Amino acid sequence: MKLINTVDAVGHVLCHDITRILPGVEKGPVFRKGHVVTEEDIPVLLSVGKEHLYVWEKKEGMLHEDEAAEILRSICMGEDMSMKASLPKEGKIEITAAVHGLLKIDREKLLRVNSLGEMMIATVHGDYPVRPGQKLAGTRVIPLVIEEEKMEQARAAAGEEPILSILPFRPVRYGLIITGNEVAAGRIEDAFAPVLKQKLAEYGAECMGQVILPDDKERIRDAILQFAKEGAEMILCSGGMSVDPDDKTPGAIQDTGADVITYGAPVLPGAMFLLSYLSVEVSGEKREIPVMGLPGCVMYAKRTVFDLVLPRVLAGERLTADDLNRYGEGGLCLSCDVCHFPNCQFGK
C-alpha cells in the first residue's frame, strides 16, 4: 500500500472501504475497497474527512483482487455455467447455472485450492439438482492484492478440468409397477403412482406404462423384464419392500438377474430402498437399466431417499453402495412442518 494525498488520488485503487455516516439516515461504505478514484470522488472523500488515502501501488508479479477472482472463476466454471458468471465486484465473482441438471463438485480439488490460503471458493452442496439462474458458487481472494505465483498454484491445484460441472437431466422413459394384493384386488385405491409421476415430471421423464400386480414374485419379475424389452430406460417398483413374508418385490428384482447395488440405505425415511441395474441388449448395444424398489414411505413422506437418488440416476450416474452409505450423515429427515428441501440438512 502507498499513502498519498486525497487530492492526488485520481486513477488510484482504494485499499480499504471508506465509510460515510449521516446521523439518523445511514452509515455505510461510500466507496468500497478496490474502487478506482475519479475526479468527482475527491470532494466526497474530503467531505468524510479523508485527506489521505491508502492506495494500491501496482507492482510486477502482483495481481489486483478482481484479476485474481477471474482466475478463480476460470478454474471453477464448467461449460453449462458459461455466460452466467457475474462481473467482479469488490473482488468477488458469483457463478450461476445455465441449465437444469445435477451439480457435480470435485471436492478434492476444491479443498486443495481453499487450503492454499488468501483465496476462497464457496459453493452450494453438490449432487443436487440446480436450475437456470440458480447461484452455485462465489469466489474471491482475501487481500486486495495477491502474488501472481500464488494464483498459478491455484491453477495447478485445480488441474485442467473445472471444479464445478453440471450433468443435464436426460428425458428418460420409465415403466411403473405398482405392487400389493390390496391394491390389485381393488380393496384400496393406489396412491403411489400419482406421487411418483409428479416427482418424475419435474425432470421431464415420461411414463411409458403402468401395471398393478399382486404380491407375486414371478409376475413382478416378468413385468420388469417386459418393460426392459419394450425399451424402458428406468423401472420403478413400488411397495412390497419390507421383510414381511407377503412382500415379494426384492426377490422379484433379484430374479431378473439385475445387479443389486444395495437393499437398504442409511436414510430415514427410506431404509428399505433397493437400487439395482439390469443389463439388456437393445439393437445389438448393451446398456444398463436402473431398477428401483421403493418402500411405502415414498408414497406419503414429503422427502425420502428417493429424492436423493433420483436426480443422480436421471443425470446418468451409476451409483455404488458407497454412494448410498455416505448418506448416513445427514440421512435423517426431520419432517419439518414446512419442508424447505433441498435447502436443509437432509442428505448432506
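1. **Isoleucine 177 and its bridges.** In β15, isoleucine 177 has valine 211 as its bridge partner. In β16, the bridge partner of isoleucine 177 is cysteine 237. This is a predicted model; local features need pLDDT of at least 70, side-chain atom pairs count only at pLDDT 80 or more, and totals for chains, interfaces and linings use all residues. Residues are numbered from 1 along each chain as its sequence is written, and side-chain values use heavy atoms, with hydrogens and water left out.

2. **Strand β14.** β14 covers residues 173-179. Helices (H or I, at least four residues) and strands (E, at least two) are DSSP runs, numbered from the N terminus. The strand runs parallel to β15 (residues 206-213), joined by 7 bridges. Its pairing with β16 (residues 234-238) is also in the parallel sense, over 5 bridges. Two strands pair if DSSP finds at least two bridges between them. β14 is mostly covered, with 6 of its 7 residues buried. Buried means under 20% relative accessible area, exposed over 50%, partly exposed in between (1.4 Å probe, protein chains only).

3. **Overall form.** The protein has 11 helices and 19 strands. Its radius of gyration is 28 Å, whereas a compact globule of 348 residues would be near 20 Å. The radius is taken over C-alpha atoms, and the globule rule is 2.2 Å times the number of residues to the power 0.38. Along the principal axes, the C-alpha atoms fill a box of roughly 90 × 50 × 30 Å. Of the 348 residues, 44% count as buried. Contacts with a separation of 6 or more come 66% from residues 24 or more positions apart. Contact means heavy atoms within 4.5 Å.

4. **The β3-β4 hairpin.** β3 (residues 18-22) pairs with β4 (residues 26-31) in the antiparallel sense, over 5 bridges. Leucine 22 has glutamate 26 as its bridge partner in β4. The two strands form a hairpin with 3 residues between them. In the turn, glycine 24 has a positive phi of about 75°.

5. **Sheet β1-β5-β2.** This is an open sheet of 3 strands with antiparallel pairing. β1 (2-5) and β2 (13-14) are the edge strands, each pairing on one side only. β1 and β5 (residues 52-56) run antiparallel, joined by 4 bridges. Asparagine 5 stands opposite histidine 52 in β5.

6. **Sheet β7-β11-β9.** Here 3 strands form an open sheet, and the pairing is antiparallel. The edges are β7 (92-96) and β9 (119-123), each pairing on one side only. Neighbouring strands of this sheet are turned by 15° against each other on average, direction ignored. β7 runs antiparallel to β11 (residues 135-141), with 5 bridges joining them. Lysine 92 has arginine 140 as its bridge partner in β11. Helix α2 packs on the sheet, touching β7, β9 and β11. The direction of α2 makes about 140° with that of β11. Axes are lines fitted to C-alpha atoms, for helices over the stretch in contact, and angles run from 0 to 180 degrees between N-to-C directions.

7. **Helices α2 and α4.** Two packed helices are described by the angle between their axes and the distance between the axes. α2 (residues 65-76) and α4 (residues 148-158) pack at an angle of about 5°, with their axes 10 Å apart. They are therefore roughly parallel to each other. (Angles under 35 degrees count as roughly parallel, over 145 as roughly antiparallel, 65 to 115 as roughly perpendicular and the rest as oblique.) In α2, the residues Ala68, Ile71, Leu72, Ser74 and Ile75 meet Met151, Ala154, Arg155 and Ala158 in α4. By class, this contact has 7 nonpolar, 1 polar and 1 charged residues. Ala, Val, Leu, Ile, Met, Phe, Trp, Tyr, Cys and Pro count as nonpolar, Asp, Glu, Lys and Arg as charged, and the others, Gly among them, as polar.

8. **Threonine 304.** This residue is in the loop between α9 (297-300) and α10 (305-314). Threonine 304 counts as buried because its relative accessibility is 1%. Not counting residues up to four places away in sequence, threonine 304 touches Pro269, Cys297, Val298 and Phe346.

9. **Valine 280.** Valine 280 lies in strand β18 (residues 274-282). With a relative accessible area of 16%, valine 280 is buried. Its contacts, leaving aside neighbours within four places in sequence, are Ala228, Glu285, Lys286, Arg287 and Ile289. Valine 280 and glycine 239 are 41 residues apart along the chain, and their C-alpha atoms are separated by 24 Å.
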